[in-house]
Amino acid sequence: MQIDILTLHPDLLQSPFNCSIVNRAKEKGLVQINLHNLHDFSPNKWRKADDYPFGGGAGMVMMIEPIDKCLTELKKQRGYDELIYLSPDGELFDQKLANELSLKRNLCFICGHYKGVDERVRQHLITREISIGDYVLTGGELAAAVVVDSIVRLIPGAISDETSALTDSFQDGLVSPPVYTRPAEYNGWKVPDILLSGHRQKIDEWRHEQSLERTKQRRPELFNQNNQE
Ligand code: ADE
């Protein structure tokens, strides 16, 4: 998979993609993540990529030209399955959308800043808008990091234990059951006996019950939506 990210602040995106599973997926050649600095595509010598809003008002607006120029260059190299603008008023990101995007070949993300992008970018240059939650971030970079991280870990081979990603919270509409590791007792706090029993089927049943119970308690709307009763 090829992932291109258009941003005014590539520095913000260096470390999230250079650690852990995402970094390993890159090293294995499962994904290539390319950061593009929109200042490099500015039409003026000051490398400006934003300007005052027509009609007045506070804040700056990201110009269409650097974004369009950058996309034109990239589209000579590859076609995109989705061109995504990260915005607090986009479609709410969830595990279902992460699964869907993890099956694509080429994705492009555009990170907004300040007051956002010139509306014509949204009208003519993108295919979809995604929000990671009902709150406003300084820019789309951290949202892009969240979305890309959740997609990359789903690419087959990214996680060594293949079943691990499939048993994540939300994959089956349930949150994950509790997990424990050594020691079996700490400060008198014990690991449930069932997990030490070695009885695979009973352990699976216990985990499923715990998932149901936790989902019912913590995320009742999710529980009801999936008709778990
Ligand atoms: N940019 C600013 N806030 C955002 C959010 N909540 N989701 C996606 N992009 C954003």
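Predicted model: local features only at pLDDT ≥ 70, side-chain atom pairs only at ≥ 80, totals over all residues.
View 1. Residues are numbered from 1 along each chain as its sequence is written, and side-chain values use heavy atoms, with hydrogens and water left out. Here you can find domain 1 (2-152) and domain 2 (170-228), with bounds from an automatic or database domain assignment. Their centres, taken over C-alpha atoms, are 37 Å apart. The chain has nine helices and nine strands; these are DSSP runs (helices H or I, at least four residues; strands E, at least two), numbered from the N terminus. Of its 229 residues, 42% count as buried, that is, under 20% relative accessible area, while exposed means over 50% and partly exposed lies in between (1.4 Å probe, protein chains only).

**View 2. The largest nonpolar core, seen around Ile5.** A nonpolar core is a set of buried Ala, Val, Leu, Ile, Met, Phe, Trp, Tyr and Cys residues joined through side-chain atoms within 4.5 Å. The largest one holds 31 residues, and Ile3, Ile5 and Phe109 have the most contacts inside it. Among the elements that give it two or more residues are strand S1 (2-7), strand S6 (106-111) and helix H5 (141-152). H5 supplies the largest share, seven residues. Look next at Ile5: leaving aside residues up to four places away in sequence, its partners include Leu13, Phe17, Phe109 and Val148, where contact means heavy atoms within 4.5 Å. Another core, of 19 residues, lies apart from the largest one and includes Leu38, Leu71, Leu83 and Tyr85.

**View 3. Arg47 and its positive phi.** Arg47 sits in the loop between strand S2 (32-37) and strand S3 (50-51). Its phi is near 60°, a positive value in a residue other than glycine. And the opening question?

**View 4. The loops around Pro183 and Asn187.** Pro183 belongs to the loop between helix H6 (162-166) and strand S8 (185-186). The peptide bond joining Arg182 and Pro183 is cis, with omega about 5°. Asn187 is in the loop between S8 and strand S9 (189-190), and its phi is near 55°, again positive in a residue other than glycine. With 58% relative accessibility, Asn187 counts as exposed. For background, most residues other than glycine have a negative phi, and most peptide bonds are trans.
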